[in-house]
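Have the sequence and the 3D view open side by side. This report walks through a few features, one at a time.

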Amino acid sequence: MDCCTNSSSPFDCLIFDLDDTLYSSKLGIAEPLRKNIDDFLVEKCGFAEDKASRLRVELFKTYGSSLAGLRALGYDIDADDYHSFVHGRLPYDVIKPDSQLRNLLRSITQRKIIFTNSDRIHAIKVLKRLGIEDCFDQIICFETMNPNLSQSTRPDEFPVLLKPSMDAMKIALHAANVDPRRTLFLDDNVRNVAAGKAMGLGTVLVGKTVKSKEADYVMENVNKLAQVIPEIWGVGKDNGDQSINRTRSDLDSILATTIVGA
């Protein structure tokens with residue numbers, strides 16, 4: 001991969017969320033995921049079937065995830081077991097290779113990092129299904145944010161850290177080794193975007209049509225990146241500068257390629 005940076009761009013690095021950001025939330029992964037979590041609460045934790053969905057929502061709202069909530073409440077849940085149960089049975093075949101996205105990512109010469117609350121196995125599966133596993137320099141995931149979890153002697157010894165927790169954001173930015181002021185963070189979750197803004201990152205809300213207060217940009221689909229933020233490629237306003245004209249011409253050819261590759 002070309003690792004040189006674009007010196008005329010305000011961004012040295014782009015950090016992408018994974019699920020519902022690099023593929024559409026309409027693909028049909030979220031509903032089976034919710035069902036798998038509900039099944040886990042019933043089968044593995046003994047909760048009543050008619051209460052599982054409400055509990056899942058409450059745990060997510062209060063703790064950021066069902067796993068984080070269960071451990072905080074004293075349930076000795078192994079993270080690998082949890083992830084293999086809730087992700088292992090997902091219909092990954094609904095995620096298809098996205099050549100438009102691949103062309104777009106390959107045209108960005110800056111560092112590109114995945115930052116997901118999911119475990120590494122899930123992240124790699126999704127990236128492979130999309131055909132973009134070789135487009136990123138680093139994956140920051142559940143294991144990155146929770147390195148000591150497997151060594152805990154009681155469930156609440158190490159609280160599970162996930163976006164949008166500021167501690168999780170700090171760990172991620174330390175692992176990425178980036179200057180937040182020159183880093184663009186793309187996520188579909190308004191709370192995660194707000195956390196990114198609080199850390200000094202440039203922020204993009206993906207999958208929405210209305211910008212949240214803490215989002216610098218909004219786009220319905222990540223494939224619109226070149227149209228919404230051409231500055232990534234060092235493209236500024238056309239002021240007669242030949243180098244800018246040349247860069248805009250390069251960007252136009254990227255856009256043409258991505259449309260053909262769709």
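Helix 1 and helix 4 cross in the right-handed sense. A crossing is right-handed if the near helix is turned clockwise from the far one by less than a right angle, and left-handed if anticlockwise. The contact involves L33, N36, I37, D39, F40 and E43 of helix 1. From helix 4 come D81, Y82, F85, V86 and H87. Contact means heavy atoms within 4.5 Å.

Helix 1 covers residues 30-43, and the two helices pack at about 135° with their axes 8 Å apart. Axes are lines fitted to C-alpha atoms, for helices over the stretch in contact, and angles run from 0 to 180 degrees between N-to-C directions. Helix 1 and helix 4 are therefore oblique to each other. Under 35 degrees counts as roughly parallel, over 145 as roughly antiparallel, 65 to 115 as roughly perpendicular, and the rest as oblique.

## About the model

This is a predicted model, where local features need pLDDT of at least 70, side-chain atom pairs count only at pLDDT 80 or more, and totals for chains, interfaces and linings use all residues. Residues are numbered from 1 along each chain as its sequence is written, and side-chain values use heavy atoms, leaving out hydrogens and water.

Helices (H or I, at least four residues) and strands (E, at least two) are DSSP runs, numbered from the N terminus.

## A residue in helix 4

H83 sits in helix 4, residues 79-88. Is H83 buried or exposed? H83 counts as buried because its relative accessibility is 7%. Buried means under 20% relative accessible area, exposed over 50%, and partly exposed in between (1.4 Å probe, protein chains only). Leaving aside residues up to four places away in sequence, H83 touches L67, G88, D119 and F142.

Six strands form an open sheet in the order 3-2-1-4-5-6, with parallel pairing. Two strands pair if DSSP finds at least two bridges between them. Strand 3 and strand 6 (217-219) are the edges, each pairing on one side only.

Strand 2 (residues 111-115) has four of its five residues buried. Four parallel bridges link strand 2 to strand 1 (residues 13-16), and I15 stands opposite I113. Three parallel bridges link strand 2 to strand 3 (residues 138-140). There, I113 stands opposite Q138. Strand 1 also pairs with strand 4 (residues 183-187), in parallel over four bridges. L14 has L184 of strand 4 as its bridge partner.
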